Amino acid sequence: MARAATTSDAFNAIAEPNRRAILTLLRGNERPVGDVALSLGLNQPAASKHLKVLREVGLVYARRAGKQRLYSLDARGLEPVHAWTGVFEEFWTESFDRLDKYVRELRRGEQSDGETG
Amino acid sequence: MERLASTLTDSEREIVVSRLIDGPQELVFEAFTNPAHLSNWYGPNGFTITTHAFELRPGGVWDFIMHGPDGTDYPNWIVFLEIAPPERIAYRHSETPDDPEPFTSTVTIAARGDRTEVTLRSVFETREQRDKVVQCGAVEGGEQTLGRLAEFAAVRSGDATGQEQA
């Protein structure tokens, strides 16, 4: 399958460090572009450009509030990211769950060995 | 179930994942370095392992098959690079000895009081290699690539995806 234009999917969008930083920033609360620029040390046009990319791939939601636009995180855009990370995450989440349980069993075994021995 | 801590690191060739395990460092190291132990926990629920060779030394090989719950077999070929008891293991992971795209993982095992923090860092040859894996995972639902992706940890992109919309 041909690769889509560089910024047209969530994977590409979050490959850029500033855009990840914007998503982190927008976690808790919505913010205007000026806030985003200031927090990340970007100029406003650069921040606007990143926000535009994030909106296009559905990672960020914008709403008008008076004269300004407020940007917030839009989790729906992350679904394709979750879809593939799920494989890795599931592997290690389940492996570590099993390891944790197994190590506890080993410790119980050692304790009972100690008691009987 | 405890949540994995995972991040997409600044290096775009890496994936890092970590987890606290309820047990002492030496025991966790043992669980990572003894094939009899590994078969009891390595891999997702429903997977089993058949080990054909296991030699714990730099240059030594762990040759094993992962059997998926649907009957699919996934070959694995791990060459140990460093064994530093009880705190570190490094290895190259591939499907077969001549796999052109192996990746390197380092497992760091650190005492944290009564518990042990395990951190796994996987480094790809190139960002393209990782991205390819990323796309395969997305397109194929990960099923076919699960074996070779086994060691790749999660990218919830830490900062980007680590939360749900309230």
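**View 1. Phe32(B) and its neighbours in this predicted model.**

**View 2. The largest nonpolar core.** Which residues touch the most other members of this core? They are Leu99(A), Phe32(B), Trp41(B) and Tyr42(B), in a core of 31 residues. Helix α5 of chain A, residues 79-116, gives the largest share of the core, with seven residues. Apart from this core lies another one, made of 20 residues, and among them are Ala13(A), Leu42(A), Leu59(A) and Leu73(A). As a general background, nonpolar side chains in soluble globular proteins tend to be buried together.

**View 3. Helix α1(B), a mostly covered helix.** How many of the nine residues in this helix are buried? Seven of them are.

**View 4. Gln25(B), in helix α1 of chain B.** Is Gln25(B) buried or exposed? Gln25(B) counts as buried because its relative accessibility is 15%, and the cut-off is under 20%. A polar atom of the Gln25(B) side chain lies 2.9 Å from the backbone oxygen of Ile109(B). Leaving aside residues up to four places away in sequence, Gln25(B) touches Pro86(B), Glu87(B), Ile109(B), Ala110(B), Ala111(B) and Thr116(B).

**View 5. A cis peptide bond between Pro85(B) and Pro86(B).** Follow the backbone from Pro85(B) to Pro86(B), and you meet a cis peptide bond with omega near -5°. Where does Pro86(B) lie? Pro86(B) is in the loop between strands β5 (73-84) and β6 (88-94) of chain B.

**View 6. Asn76(B) and Asp63(B), on two strands of chain B.** Asn76(B) lies in strand β5, while Asp63(B) lies in strand β4, residues 61-67. With a relative accessibility of 1%, Asn76(B) counts as buried. A polar atom of the Asn76(B) side chain is 2.9 Å from the backbone oxygen of Tyr74(B). Asp63(B) touches Asn76(B) and also Trp77(B), and its other contacts include Thr50(B), Thr51(B), His52(B) and Ala53(B). The C-alpha atoms of Asp63(B) and Val79(B) are 8.5 Å apart, although 16 residues separate the two along the chain.

**View 7. A hairpin in chain A.** Strand β1 (residues 60-65) and strand β2 (residues 68-73) of chain A run antiparallel and are joined by six bridges. What is the bridge partner of Ala65(A) in β2(A)? Find Gln68(A), and you have it. Two residues lie between the strands of this hairpin, and Gly66(A) takes a positive phi near 65°.

**View 8. Chain B, from end to end.** Chain B has four helices and eight strands, and their order along the sequence is β-β-α-α-β-β-β-β-β-β-α-α. Of its 166 residues, 49% count as buried. The chain exposes about 7,300 Å², and carbon and sulfur atoms supply 50% of that area.

Definitions and conventions: Residues are numbered from 1 along each chain as its sequence is written. Chains are lettered from A and ligands numbered from 1 in the order in which they are written. This is a predicted model: local features need pLDDT of at least 70, side-chain atom pairs count only at pLDDT 80 or more; totals for chains, interfaces and linings use all residues. Side-chain values use heavy atoms; hydrogens and water are left out. Buried means under 20% relative accessible area, exposed over 50%, partly exposed in between (1.4 Å probe, protein chains only). Accessible areas come from the Shrake-Rupley method with a 1.4 Å probe; for residues, only the protein chains shown count as cover. A polar contact is a pair of N or O atoms within 3.5 Å; within protein, one must be able to donate a hydrogen and the other to accept it, and residues adjacent in sequence count only if both atoms are side-chain atoms. Contact means heavy atoms within 4.5 Å. Two strands pair if DSSP finds at least two bridges between them. A nonpolar core is a set of buried Ala, Val, Leu, Ile, Met, Phe, Trp, Tyr and Cys residues joined through side-chain atoms within 4.5 Å.
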